Amino acid sequence: MRLLFMGPPGAGKGTQASTVAERYSIPAVSTGDIFRANVGQGTPLGIEAKRYMDAGEYVPDEVTNLMVRDRIAEPDAAGGFLLDGYPRTLAQVEELDSMIAATGHRLDAVVALIVDEEALVQRLLLRAQTEGRADDTEEVIRRRMELYAEQTAPLLEVYRDHGILIEVDGMGEVDEVTARIAAALEKVAQS
Ligand code: ADP
């Protein structure tokens, strides 16, 4: 399976992505996690990405695209992968399409978590207290939401047009959301 998870910041993509990836025995690839790991290790990529992340801005497409290209070329992703947090721009959609087409495959489904934005801001502020992510201040959270609405939400229409968009209600308990996603993906796996 080649899957994407989309949804605004705080929608629970990461949590759901790891469960689903495990179920299909494919790696969950989170661009946010890869950037954070690089920031933590002080690599040149991390140093560049940090400037953008701390402000809630997107890391430039060229940087992000190269990183994803390398990651999905790893042997563990040969049979499929689940991307969480990528693509977020139209340029990234096009780049991903060509990366996948080059391997003779196609995307199977795009799972979009539909959530209430104000509830998300609250969820993120709570997470900021427990996890202490540098980009979880209220101002940066609002900026990330705004960018999502402007640049990333429109991508859902692209995937709807391709006929591979699956919208899932992302509100409620984690397990309930997992069950909804699993039910929707079963249909894809059978088709
Ligand atoms: P969230 O979904 O809560 O914004 P992520 O962990 O997915 O958090 O991403 C954190 C930050 O990493 C983003 O705000 C952005 O700066 C950067 N980032 C992650 N994925 C991408 C991407 N596909 N394109 C550009 N920047 C990205």
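Q: How far is an oxygen atom of the ligand from an N or O atom in the side chain of Lys 13?
A: A polar contact is a pair of N or O atoms within 3.5 Å; within protein, one must be able to donate a hydrogen and the other to accept it, and residues adjacent in sequence count only if both atoms are side-chain atoms. Here the distance from the ligand oxygen to the Lys 13 side chain is 3.1 Å. For the side chain of Arg 144, the distance to a ligand oxygen is 2.6 Å. This is a predicted model, in which local features need pLDDT of at least 70, side-chain atom pairs count only at pLDDT 80 or more, and totals for chains, interfaces and linings use all residues. Residues are numbered from 1 along each chain as its sequence is written, and side-chain values use heavy atoms, leaving out hydrogens and water.

Q: Which residues come nearest to the ligand?
A: A residue is near a molecule if one of its heavy atoms lies within 4 Å of it. Of the 19 residues around this ligand, the nearest are Thr 31, Glu 57, Gly 85, Arg 88 and Arg 144. The side chain of Thr 31 has an N or O atom 2.7 Å from a ligand nitrogen.

Q: How much of the ligand's accessible area does the protein cover?
A: Accessible areas come from the Shrake-Rupley method with a 1.4 Å probe. On its own the ligand has 540 Å², and the protein covers 97% of that.

Q: Which helix gives the largest share of the shell around the ligand?
A: Helices are DSSP runs (H or I, at least four residues), numbered from the N terminus. Helix H2 (residues 31–41) supplies 4 residues of the shell.

Conventions:
Helix = DSSP H or I, 4+ residues; strand = E, 2+ residues; numbered from the N terminus.
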